[in-house]
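Okay, thanks for making time, everyone.

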Amino acid sequence: MSGLDPDLVRRFWTREPVICAICRRSATGLGYMPRHGAPGIWLCETDAPHGRKVYFMPKAELDAFEARAAREALDVAGPFLDEVGETRLDYLTPEQIDEFLRRLLLGYEDALRRMVLSHEPPF
Ligand SMILES: [Zn+2]
């Protein structure tokens, strides 16, 4: 099948489930493998139905989605710094760091999933 990118598969194929190939949260035992014995990818429950799409997505396309998702995540987390009135990360309390990182990671996850599943142009 066209589109299979060995570099992409290598990034996500581990012996045990570690990270979801779509959102980067904890993977479950769910995954996608095109045929028995082939390298596969692990997925979380939310993204399990979409494994085939990511598996065959060209690496350059997923890389572009990841870069855009990271920028969008900053747009989600950045306003928290305004809320607490501090822009220097080393001045944040441990609780504020936790909240900033939570918003950053959830923003990344939401943006990446939306891009992968919506057929948005990656470039
Ligand atoms: Zn996921």
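Which residues do ring pairs link into a cluster? Tyr32, Tyr55 and Phe56. Before I go further, a reminder that this is a predicted model, so please take every value I quote as computed from it.

Let's stay with the rings for a minute. Searching the whole structure turns up 4 aromatic pairs. One of them is Trp13 with Trp42: the centres are 5.4 Å apart and the planes sit at 15°, so we call that pair stacked. What I like here is where the two partners come from. Trp13 is in the loop between α1 (6-12) and β1 (30-32), while Trp42 belongs to strand β2, residues 41-43, so this pair ties together parts that are 29 residues apart in sequence.

Then there's Tyr55 with Phe56, where the centres are 5.0 Å apart and the planes make 70°, so that pair is edge-to-face. Tyr55 and Phe56 are both buried. Trp13 comes out at 33%, which means partly exposed.

One more ring before we move on: Tyr91 has the charged end of Arg88 sitting over its ring, 4.3 Å from the centre.

Okay, the metal. Which residues coordinate the zinc ion? We have Cys20, Cys23 and Cys44, each through SG, plus Asp47 through OD, at 2.0 to 2.3 Å. Along the chain, those donors follow the spacing C-x2-C-x20-C-x2-D. And why call the arrangement tetrahedral? Because the angles that the 4 donor atoms subtend around the zinc ion run from 103 to 116°. For reference, the ideal angle for four tetrahedral donors is 109.5 degrees.

Cys44 is buried, with 8% relative accessible area. Asp47 is buried as well, and its value is 0%. You'll find Asp47 in the loop between β2 and α2 (51-55). And what does Asp47 touch, leaving aside its neighbours within four places in sequence? Its contacts are Cys20, Ile22, Cys23 and Arg113.

Now let's step back to the whole chain. There are 4 helices and 2 strands, and reading along the sequence you get α-β-β-α-α-α. The C-alpha trace spans about 55 × 30 × 20 Å along its principal axes. The chain has 123 residues, of which 36% count as buried. As for contacts with a separation of 6 or more, 57% are between residues 24 or more positions apart. The accessible surface comes to about 7,300 Å², with 57% of that belonging to carbon and sulfur atoms.

Terms used:
Residues are numbered from 1 along each chain as its sequence is written. This is a predicted model: local features need pLDDT of at least 70, side-chain atom pairs count only at pLDDT 80 or more; totals for chains, interfaces and linings use all residues. Side-chain values use heavy atoms; hydrogens and water are left out. Rings of Phe, Tyr and Trp (its six-membered ring) pair if their centres lie within 6.5 Å; planes under 30 degrees apart count as stacked, over 60 as edge-to-face and the rest as tilted. Buried means under 20% relative accessible area, exposed over 50%, partly exposed in between (1.4 Å probe, protein chains only). A charge sits over a ring if NZ of Lys or CZ of Arg is within 6 Å of the ring centre and within 35 degrees of the ring normal. Donors are N, O and S atoms within 2.8 Å of the metal (3.2 Å for Na, K and Ca); water is not among the atoms, so sites may look incomplete. Four donors count as tetrahedral if all angles lie between 85 and 135 degrees; four count as square planar and six as octahedral if opposite donors are over 155 degrees apart and all others between 65 and 115; anything else is irregular. Contact means heavy atoms within 4.5 Å. Accessible areas come from the Shrake-Rupley method with a 1.4 Å probe; for residues, only the protein chains shown count as cover.
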